[in-house]
Amino acid sequence: MTTSFSDQLDRHGAWRSSTAQGIAQLSAWLVEQQLAEGGMLGRLAQIGDTLQRDKLMVAFVAEFSRGKSELINAIFFAHHGRRIVPASAGRTTMCPTELGYENGQPSQLRLLPIETRTDPRPLSAWRQQPEAWTALPLDAGQPAQMATTLDSVAQVLRVSVARARELDFWSDEQPENNPVRGSDGLVEIPMWRHALVNIDHPLLRQGLVILDTPGLNAVGAEPDLTVQLLADAHASVFVLAADTGVTRSDLQLWQQYLAPRQGDGQHTDNRIVVLNKIDVLWDGISSVAQIHAQTDRQRASSAALLGVPTARVIPVSAQRGLVARIQNDAPLLQASGLPLLEAVLAQGLVASRREVLRDAVELALARVRSDTARLLAVRRRELEEQVQELRGLRGKNDSVIAGMRYRVEQEQGEFDASEKRVLALHAVHGRLQKEARALLEDGMAADFTELQRLLGQSGLKLGLRKVYQDAFARAMQRVRKAEKAVGEIHAMMSAGFRQLNADFGFALQVPPQPAIGMWAHEIERIARAHATQVGLGQALRLTQPAAGGRLARALESRVRAVLVEAAEEITSWCRAAMAPVDSQLRERRGGFVRRIEAIDRIRGAASSLGERMGELEAQSALLAAQEQQLRRWSDDPVAEGGATSEPSPAAALPAAA
Ligand SMILES: Nc1nc2c(ncn2[C@@H]2O[C@H](COP(=O)(O)OP(=O)(O)OP(=O)(O)O)[C@@H](O)[C@H]2O)c(=O)[nH]1
Ligand SMILES: [Mg+2]
């Protein structure tokens with residue numbers, strides 16, 4: 001573990017927890033000042049939670065034997081003085097392996113049997129079924145025990161061809177990828193479908209998740225892996241080996257699962273290409289300059305084949321790097337290229353994630369700022385009205401004061417009667433919101449039925465491309481309709497708020513519409529990212545019904561997740577928009593009560609007019625302090641990320657008064 005990798009992750013972790021702390025402080029301040037209106041605290045708590053528990057996933061993807069597992073050993077586990085995840089010649093890692101740390105969970109390896117493939121449930125569903133997994137304890141203090149236990153990810157079963165076909169490891173149409181049949185007629189298949197490792201490790205503690213994968217065939221047969229895990233990874237490391245160069249299957253894997261797609265934004269480029277095993281060029285005969293030149297040539301040609309800039313291809317020797325770390329050999333470590341790779345990896349991982357988190361935090365804070373400012377403005381206005389009212393009472397006799405009380409009561413009565421209008425607004429708003437959600441979610445599963453049927457049937461799949469496109473088009477249509485509905489809700493609320501503002505002097509404002517259309521782009525991106533899997537390259541693979549069915553289900557659940565997220569966003573926007581209505585109503589109602597009380601006290605001479613004026617002045621001062629606090633905090637939003645010294649955002653938040 002170089003300092004740069006752990007430093008970057010540590011700094012990121014420190015930023016996350018100090019930002020979360022600042023948010024918690026802000027929540028406490030809002031509660032104390034009675035400024036926390038509906039939904040605000042929930043939103044802040046949610047963002048604090050995201051910051052605390054955020055995960056960063058790095059996926060290692062490549063053909064078999066390129067050195068993925070060796071790289072993982074060298075980068076993350078060299079401090080154990082040995083290999084921890086199995087790395088050996090030939091196919092080694094037989095199932096996708098996720099390494100992470102969940103605080104409070106026992107250190108263990110959990111394995112999902114390969115037989116679960118015959119069940120239609122996707123991997124995400126199996127994750128929720130602990131009893132389906134075989135659990136083996138891991139002892140973080142005993143590297144040898146850990147290594148032996150982790151060898152299980154290389155375990156295989158010997159099964160009949162029929163069984164292999166059933167589990168999707170045997171294709172009659174594409175026999176070149178089939179496992180070799182032994183003299184007993186049996187073939188070897190992986191014993192496990194997926195492995196989850198929970199171990200205490202400083203980087204994993206910071207929320208890092210490492211995904212080690214088997215080669216092309218295994219990747220293609222697990223749609224959950226490609227549609228979910230690889231798509232969600234914050235960085236992917238694609239590994240090539242210097243001794244094999246870029247082979248056809250390397251290229252196929254890259255193009256199908258990793259190559260940038262047209263329309264992918266710049267920020268999505270989190271792919272790192274590693275040219276591993278450069279030590280095979282260190283033949284002891286060539287000069288250093290010759291070796292460098294040769295490495296550079298291979299980098300350039302690999303980059304050209306993959307269509308990435310040469311600078312993105314990082315030459316390393318995982319094995320020499322591992323040895324160097326175990327033996328504390330600094331020059332060898334430098335020559336292995338690992339430190340540079342780690343710096344690039346950490347930078348790519350942290351920087352892109354930081355940007356997303358910071359945007360989310362800033363958005364939430366901006367909302368709190370505007371809601372709070374509005375609430376304070378209402379309070380200020382009301383206070384000024386009271387002061388005016390009391391000034392007018394100076395030197396007046398009892399009957400004038402009684403008349404004043406009567407007027408306030410009348411105003412109060414009118415106000416109470418008009419609350420019906422607010423209730424009506426609530427009702428319309430609630431109905432429209434439900435309708436918008438329904439546009440996204442109702443009958444969504446049916447959009448993918450045809451695709452599922454076609455992919456799940458055996459034989460050739462005519463018209464597959466069109467059915468695929470139609471399914472996604474329907475999902476996008478949902479988003480477009482929901483976007484329109486949101487526009488209507490916005491218009492309805494604007495009109496309603498205008499009226500309330502005019503009638504009651506409220507300062508209501510509809511928050512900007514959520515960018516629902518962005519979810520349509522996300523669906524489009526998913527469609528594009530996986531189109532190759534139903535395209536020519538995979539047409540033969542998909543003649544296998546089991547793989548096809550799994551792919552359709554994985555796509556459907558991915559799209560569903562997007563639609564649900566869009567629906568959630570609509571709901572939370574609607575809530576945020578309506579919350580100030582209720583809080584301003586409450587404020588106003590309280591205001592009437594306070595005014596009547598004040599008049600009564602003056603009449604009963606329980607307190608003098610002067611005393612009451614003094615109270616109001618004190619309140620006004622408090623309000624001014626709150627406003628000032630809020631302004632100070634608006635001028636100094638969350639600290640910029642990435643800087644070497646990162647001031648805690650807590651410093652920029654209001655101190656608890
Ligand atoms: N010379 C040399 N050999 C390496 C290097 N990295 C890995 N190897 C060897 O290559 C073989 C394969 O390495 P693994 O790490 O198992 O490869 P993998 O990509 O994880 O392969 P699968 O698990 O089968 O998908 C092992 O024998 C490693 O020791 C390297 O930098 N140089
Ligand atoms: Mg491996």
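**Entry 1: the metal site**

Which residues coordinate the magnesium ion (ligand 2)? I looked, and Ser 69 (OG) and Thr 93 (OG1) do so, at 2.0 to 2.1 Å. Donors here are N, O and S atoms within 2.8 Å of the metal (3.2 Å for Na, K and Ca), and water is not among the atoms, so sites may look incomplete. Ser 69 sits in helix H3 and Thr 93 in the loop between H3 and strand S2 (97-100), so to speak two distant parts of the chain, 24 residues apart.

**Entry 2: ground rules**

I note that this is a predicted model, in which local features need pLDDT of at least 70, side-chain atom pairs count only at pLDDT 80 or more, and totals for chains, interfaces and linings use all residues. Residues are numbered from 1 along each chain as its sequence is written, chains are lettered from A and ligands numbered from 1 in the order in which they are written, and side-chain values use heavy atoms, with hydrogens and water left out.

**Entry 3: the whole chain**

I stepped back to see the protein chain, which has 21 helices and 11 strands. Helices (H or I, at least four residues) and strands (E, at least two) are DSSP runs, numbered from the N terminus. The C-alpha trace spans about 110 × 60 × 45 Å along its principal axes. Of the 657 residues, 50% count as buried. Among contacts with a separation of 6 or more, 82% come from residues 24 or more positions apart; contact means heavy atoms within 4.5 Å.

**Entry 4: helix H3**

Back to H3, where I checked burial: 10 of the 10 residues are buried, so H3 is largely enclosed by the rest of the structure. Among them are Lys 68, Glu 70 and Asn 73.

How does H3 pack with H14, and at what angle? Helix H3 (residues 68-77) meets helix H14 (residues 338-393) at about 85°, with the axes 11 Å apart. Axes are lines fitted to C-alpha atoms, for helices over the stretch in contact, and angles run from 0 to 180 degrees between N-to-C directions. H3 and H14 are therefore roughly perpendicular (65 to 115 degrees; under 35 is roughly parallel, over 145 roughly antiparallel, the rest oblique). Leu 71, Ala 74 and Ile 75 of H3 touch Leu 338, Leu 341 and Glu 342 of H14.

**Entry 5: aromatic rings**

How many aromatic pairs are there? I read off 8. Rings of Phe, Tyr and Trp (its six-membered ring) pair if their centres lie within 6.5 Å; planes under 30 degrees apart count as stacked, over 60 as edge-to-face and the rest as tilted.

Phe 5 and Phe 76 are an edge-to-face pair, 5.7 Å centre to centre with 90° between the planes. Phe 5 lies in helix H1 (residues 3-32) and Phe 76 in H3, so the pair ties together parts 71 residues apart in sequence. Both Phe 5 and Phe 76 are buried.

Phe 415 and Phe 504 have ring centres 5.1 Å apart and planes at 80°, so this pair is edge-to-face. Phe 415 is in helix H15 (residues 398-441) and Phe 504 in helix H17 (residues 464-504), 89 residues apart. Phe 415, Phe 504, Phe 506 and Phe 592 form one aromatic cluster.

Methods:
Buried means under 20% relative accessible area, exposed over 50%, partly exposed in between (1.4 Å probe, protein chains only).
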